Amino acid sequence: MARFLDVHPDNPQPRLLQQIVSMLRDDSLIAYPTDSCYALGCQLGSRPGLERIRDIRKLDDRHHFTLMCRDFAQLGQFVQISNSVFRLVKAVTPGSYTFILPASPEVPRRLLHPKKRTVGVRIPEHTVTQALLAELGEPLLSSTLLLPGQDEPMTQGWEIKELLDHQVDAVIDGECGVEPTTVVDLSGDEPEILRVGAGDPARFE
């Protein structure tokens with residue numbers, strides 16, 4: 001059964017954050033709220049966590065996983081970014097955008113798009129997620145909690161606990177947005193909007 005953790009939305013309890021990070025370092029899989037909607041998350045190097053996300057969401061190897069980053073400095077360690085793209089991304093982060101960019105050697109090969117060698121990155125604007133990333137000290141490998149056959153991502157912690165009780169190790173209860181991120185592919189010559197979501201796509205059109 002998954003643990004159900006009530007983390008304070010404005011002042012996350014350090015004790016709970018430490019417990020969650022300890023679980024992540026033991027290959028646990030969590031469901032956690034973000035500024036867009038709930039996400040599944042595991043430690044960057046966790047092969048079991050990655051496979052569990054694939055299984056829950058029924059994803060193929062072309063799916064772009066997202067590295068949830070604390071800040072721009074951390075993001076820059078894991079993707080290759082030109083000056084022009086830097087300015088574009090910097091202007092809208094933190095926020096409800098996911099960017100597809102060429103991965104740096106720091107990213108495990110199994111996380112990359114098999115042909116493009118790209119990965120998703122984003123910087124959330126969510127107090128609990130930011131506190132968790134600060135405690136973890138590295139990006140959280142993530143994927144939107146959108147289940148097969150569902151049109152809308154999940155946004156209620158108690159519903160996730162009921163539905164995925166035996167598939168995740170912990171559910172962090174908390175407020176989140178109701179739309180997934182806007183996904184922008186910046187790996188080519190021109191920005192390509194792959195999904196319109198909570199972030200305003202206008203500046204990339």
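Here are some friendly notes on this predicted model, point by point.

1. Ground rules. Residues are numbered from 1 along each chain as its sequence is written, and side-chain values use heavy atoms, with hydrogens and water left out. As the model is predicted, local features need pLDDT of at least 70 and side-chain atom pairs count only at pLDDT 80 or more, while totals for chains, interfaces and linings use all residues.

2. Over residues 14-199 the chain is 30% helix and 22% strand, with the end C-alpha atoms 30 Å apart. Helices (H or I, at least four residues) and strands (E, at least two) are DSSP runs, numbered from the N terminus.

3. A Phe-Phe pair. The structure holds four aromatic pairs; rings of Phe, Tyr and Trp (its six-membered ring) pair if their centres lie within 6.5 Å, with planes under 30 degrees apart counted as stacked, over 60 as edge-to-face and the rest as tilted. Phe72 and Phe86 have ring centres 4.8 Å apart and planes at 80°, so this pair is edge-to-face. Phe72 is in helix H3 (residues 72-78) and Phe86 in helix H4 (residues 83-91), 14 residues apart. Phe72 is buried at 12% relative accessible area, whereas Phe86 is partly exposed at 34% (buried means under 20%, exposed over 50%, partly exposed in between; 1.4 Å probe, protein chains only).

4. Arg122. This arginine sits in strand S6 (residues 118-122) and is buried, at 3% relative accessibility. What does the side chain of Arg122 make a polar contact with? The partner is the side chain of Thr34, at 3.0 Å; a polar contact is a pair of N or O atoms within 3.5 Å, where within protein one must be able to donate a hydrogen and the other to accept it, and residues adjacent in sequence count only if both atoms are side-chain atoms. Leaving aside residues up to four places away in sequence, Arg122 touches Asp35, Thr66, Tyr97 and Thr181, among others (contact means heavy atoms within 4.5 Å).

5. Arg203. Located in the segment after S10, Arg203 is partly exposed, with a relative accessible area of 48%. Residues up to four places away in sequence aside, Arg203 touches Leu88, Ala91 and Val92. The C-alpha atoms of Arg203 and Ala91 are separated by 9.8 Å, and the two residues are 112 residues apart along the chain.

6. Backbone points to check by eye. The Thr93 to Pro94 peptide bond is cis, with omega near -5°, and Pro94 lies in the loop between H4 and S5. Lys58, in the loop between helix H2 (47-57) and S4, has a positive phi near 55° and is exposed at 58% relative accessibility. Arg117, in the loop between S5 and S6, has a positive phi near 60° and is partly exposed at 34%.
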